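Thanks for coming, everyone. I'll keep this brief.

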Amino acid sequence: MRAKKLAKFLRAMDVLGQPTGATVAEMEERLDLSRKGVYDLLNFIRDDMRFHIHEDASILGGGKRFSLSREDVVRAGKLKVPNINLSLSEIAALYFLKSSTGLYQGTEIQEEIERAFVKLDHFMPDEFGAKLASIAGAFVGSRHFAKDYSAKEEILETLVSAIANRKICAVTYHTFSEDQIKTYRIAPLQIFEHQGGLYLFSLIVKYGDIRMQAVERIQQIEELHETFERPEDFDANALLETAFGLTYDDPIEVKIRFAPNQARYIKERRWAKIQTLSDQPDGSLILEMQTSGWYEVKRWLLSFGAEAELLSPQHLVDDLTRAIDAMHRLYSCDRQS
C-alpha cells in the first residue's frame, strides 16, 4: 500500500481498535471517506489483511458498530514494552528505512512514520534512547532527483486497489518518447521504486505485452469492473535484472572497452545479470554484457566520452557514431548562429 491508502488504513486501525469501535458515519467523518469508501476499507482490512472485525448493534444508538477483535489489537496507550531488546544494528536498520521515505514527503504516510518513531523512542528503555538519538543522524535519505508524488495519492491508491483486486484500469498517459497523451486500458501488475521515482509494470490489454510506466506520467486513472488474470510467468525481479536502467526491450549483447582510469569504477558494480569482465594488458577493461534497452545503454556510453568505446555489435556502433557526429556538428566552431 502506498501513501494515502496506507495512512487511511493505519487511522482506521486506531478507530476500530477503540473499546466501542465505530459506526460507518463516525468512520466517514474521522477518516474523511465516503460511505462506499468506508465499506471498501472494511473489506480490505477483513479480506485482504485478515483482521477479524466484529459487527454489533449500537449500544449508544446510531447504527451498527464495527470493531477489531481484542486478539487483534493492542491499544497504543496501554502498550507495555519493558525491554524490546533491539540491538544497535537493528535500531540502525530501522533508521535507515526511515531515511528512505523521501518519496512520501508531503503525504499523510510521512506523518504516520514520524509518529511511529516518536512512540518507539517513548517506549524504549533509557539506555536505548541515547543510541536512538545518535543513530538518527547517521543516515540521511537523499532527495536528489526524487520525484514529488504528493499530488498523485489518488492515482497511487487506485493502482494499489486495482493490483490487489486484479482490476483492469483505463489510464490517460503522457508518453515522453512520442510526446503524446494517450488513453488505453492496462492490467496493473506491480509498483516499484527506482532512483527516487515510482514505476509500474502493466500489461497493455490491447497488445498483450508488459511495459514499464512512470507513475507521475499517469494523468488520470479509473478502475473498471473487468478483472484480469495475472500472467503466470510474470517476474518483476527477473525483468528488472535484464533491463538496463528502466527500459525493458529486446535483449542486446554489447562489448565495450573502458579506459584504465574507468576500469576500477566499472568493476565496482554489476551492470547486467549476464556479464563478463576482462582485464587488458594496458590497464583498460572490456565489459561484455547481455541486457536490454539500447537507448539507455547509448546514453550511458556517451556519458563516458572518449573513455568508453563500443566494440560490437556493428549496427549499434554505427548508431552511436551517428549520435556522436550529430553532437560534433552541434558544437562545432563553424556552426551557424
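**A walk through the model**

Start with Asp 32, which is found in the loop between helix H2 (24–31) and helix H3 (35–48). One caution before I go on: this is a predicted model. Phi of Asp 32 is near 55 degrees. That is a positive value, in a residue other than glycine. Most residues other than glycine have a negative phi.

Now the sheet. Five strands form an open sheet, in the order S7-S6-S5-S4-S8, with antiparallel pairing. Which strands stand at the edges? They are strand S7 (209–214) and strand S8 (218–227). Each has a single partner strand, so one side of each has no neighbour in the sheet. From one strand to the next, the twist averages 45 degrees.

Look at one pairing in detail. Strand S6 (residues 197–204) and S7 run antiparallel, joined by six bridges. Take Leu 200: its bridge partner in S7 is Gln 213.

What packs on this sheet? Helix H7 (residues 153–165) does. H7 touches strand S4 (167–175), strand S5 (180–194), S6 and S8. The direction of H7 makes about 25 degrees with that of S8.

Next, aromatics. A search of the whole structure finds eight aromatic pairs. Here is one of them: Phe 201 with Phe 234. The ring centres are 5.6 Å apart and the planes sit at 75 degrees, so the pair is edge-to-face. This pair links distant parts of the chain. Phe 201 is in strand S6, while Phe 234 is in the loop between S8 and helix H8 (236–242). The two are 33 residues apart.

On to a peptide bond. From Ser 312 to Pro 313, the bond is cis, with omega near 5 degrees. Most peptide bonds are trans. Where is Pro 313? Pro 313 lies in the loop between strand S12 (308–312) and H11.

That brings us to the last stop, a helix pair. Helix H10 (residues 294–302) packs with helix H11 (residues 314–331) at an angle of about 55 degrees, and their axes are 11 Å apart. That angle makes H10 oblique to H11. The crossing of the two helices is right-handed.

Which residues meet there? From H10 come Trp 294, Lys 298, Leu 301 and Leu 302. From H11 come Leu 316, Asp 319, Leu 320, Ala 323, Ile 324 and Met 327. The residues of this contact of H10 with H11 divide into eight nonpolar, two charged and no polar.

That's my tour. Thank you.

How values were computed: Residues numbered from 1 in each chain as written. Predicted model: local features only at pLDDT ≥ 70, side-chain atom pairs only at ≥ 80, totals over all residues. Heavy atoms only, no water. Axes fitted to C-alpha atoms, helices over the stretch in contact; angles between N-to-C directions. Helix = DSSP H or I, 4+ residues; strand = E, 2+ residues; numbered from the N terminus. Parallel < 35°, antiparallel > 145°, perpendicular 65-115°, else oblique. Left-handed = near helix turned anticlockwise from the far one by under 90°. Contact = heavy atoms within 4.5 Å. Nonpolar A, V, L, I, M, F, W, Y, C, P; charged D, E, K, R; others polar. Pairing = 2+ DSSP bridges. Phe/Tyr/Trp six-rings, centres within 6.5 Å; stacked < 30°, edge-to-face > 60°.
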